[in-house]
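Keep the viewer open as you read.

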Amino acid sequence: MTATATGGTLSPAPQGVEVLRAEGLSKRFGGLKAVQDVSFTHKQGEILAVIGPNGAGKTTLLNLLSGVYRPSAGRLHLMGHDVTDQPMEARCHAGLGRAFQIVRPFPEMTVHENVTVGALFGKPGQRLPEARERAWALLERTGMTAHADKAAHELTLLQDKRLEVARALATNPSVLLLDEVMAGLRPGEAQEAVALVRGVRESGVSVLFIEHIMPVVRDLADRVVVMDQGQVLAQGTYREVTADPRVVSAYLGTEEGLQA
Ligand SMILES: Nc1ncnc2c1ncn2[C@@H]1O[C@H](COP(=O)(O)OP(=O)(O)OP(=O)(O)O)[C@@H](O)[C@H]1O
């Protein structure tokens with residue numbers, strides 16, 4: 001596979017180069033340290049999973065990466081540029097895309113219109129016909145061509161997830177952040193979603209995802225960052241982190257807890 005950075009307005013990172021670097025990121029909510037001194041790197045072309053028990057700080061970390069929150073401390077680099085003080089829109093234009101778990105597409109608009117909006121947002125100044133064309137290409141890529149004219153509120157959950165990924169890709173990201181996109185899917189559907197994420201990576205987009213379903217993490221992730229109580233407990237391959245006694249202990253203290 002040849003992975004090249006495709007998105008963003010910053011210079012593309014060659015393969016093996018860091019697309020994201022978090023240095024000591026922290027976020028406090030009053031007295032609660034939701035994310036504490038988190039450091040990791042995300043390499044070009046890599047699928048990186050962030051896992052951890054409920055309340056570990058995964059969503060807060062994703063919000064720090066995408067710019068929903070400003071960190072209480074620490075720095076974030078995107079494609080070698082310090083984006084810590086940049087708002088969400090600027091990070092999006094610089095190549096950071098996010099598929100939201102909660103924020104819904106415009107329900108009354110068609111699938112194609114929703115993706116066109118993403119394309120217009122991701123590339124200011126782009127002409128409407130180009131954005132429409134790009135939306136068609138993304139629907140093809142995410143297996144949604146047959147549903148292009150459906151209103152977004154008519155979609156099944158799996159189709160909805162595909163649309164979310166298409167909308168995020170429409171912003172032309174170098175890095176795609178996914179927040180539990182497998183949630184609620186049946187096993188067969190989850191396998192389709194796994195194939196979709198692999199396809200995203202094959203197209204040269206690095207992927208960082210939060211996931212609770214361990215077989216999905218095992219199948220998808222090149223590397224795993226394990227969080228617990230706001231901190232990084234372990235980092236490594238799936239095999240390495242699941243063999244780490246501290247990780248086993250964080251997941252209810254049993255190896256079975258990790259198989260869930
Ligand atoms: N906006 C907020 N205000 C106050 N506390 C918050 C806020 N968001 C998250 N928290 C707290 O921060 C901690 C980390 O929460 P977070 O949602 O990041 O964890 P998580 O690992 O994503 O959990 P889950 O797997 O259950 O979604 C929790 O104790 C949570 O209650």
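Predicted model: local features only at pLDDT ≥ 70, side-chain atom pairs only at ≥ 80, totals over all residues.

The shell around the ligand is made of Phe-29, Leu-32, Ala-34, Gly-52, Asn-54, Gly-55, Ala-56, Gly-57, Lys-58, Thr-59 and Thr-60. Two elements give two or more residues to this shell: strand E2 (32-43) and helix H1 (58-66). H1 gives the most, with three residues.

Now zoom out to the whole chain. The protein is divided into two parts: domain 1 covers 18-95 + 175-182 + 205-253, and domain 2 covers 102-172. Taken over C-alpha atoms, the centres of domain 1 and domain 2 are separated by 26 Å.

Next, the sheets. Strands of a sheet pair through backbone hydrogen bonds, in a parallel or an antiparallel way. Start with the open sheet of four strands, whose order is E2-E1-E4-E5 and whose pairing is antiparallel. Which strands stand at the edges? They are E2 and E5; each has a single partner strand, so one side of each is left without a neighbour in the sheet. E5 is joined to E4 by two bridges, and the two strands run antiparallel. Leu-78 has His-81 in E5 as its bridge partner. H1 lies across this sheet at strand E1 (18-29), E2 and E4, and runs at about 60° to E2.

Stay at the E4 end for a moment. Met-79 sits in the loop between strand E4 (73-78) and strand E5 (81-82). Most residues other than glycine have a negative phi. Met-79 is not a glycine, yet has a positive phi of about 50°. Is Met-79 buried or exposed? Met-79 counts as buried because 24 other C-beta atoms lie within 10 Å, and the cut-off for buried is 20 or more.

Turn to the other sheet. Six strands form an open sheet in the order E6-E7-E8-E3-E9-E10, with mixed pairing. Its edges are E6 and strand E10 (231-236); each has a single partner strand, so one side of each has no neighbour in the sheet. From one strand to the next, the twist averages 20°. H1 packs on this sheet as well, touching strand E3 (47-51), E6, E7, strand E8 (206-210) and strand E9 (223-228). The direction of H1 makes about 150° with that of E7.

E6 and E7 run parallel and are joined by four bridges. Leu-96 stands opposite Val-175 in E7. Ala-99 has Leu-178 in E7 as its bridge partner. In strand E6 (residues 96-99), Leu-96 and Arg-98 point one way, while Gly-97 and Ala-99 point the other way. All of these residues are buried. Helix H5 (residues 157-170) lies across E6 and E7, running at about 165° to E6.

Glu-180 lies in the loop between strand E7 (175-179) and helix H6 (187-202). Glu-180 also has a positive phi of about 50° although it is not a glycine. Why does Glu-180 count as partly exposed? Because it has 18 C-beta neighbours inside 10 Å, a count in between the limits of 12 for exposed and 20 for buried.

Notes. Residues numbered from 1 in each chain as written. Near = placed C-beta within 6 Å. Domains from an automatic or database assignment. Pairing = 2+ DSSP bridges. Contact = placed C-beta atoms within 7 Å. Axes fitted to C-alpha atoms, helices over the stretch in contact; angles between N-to-C directions.
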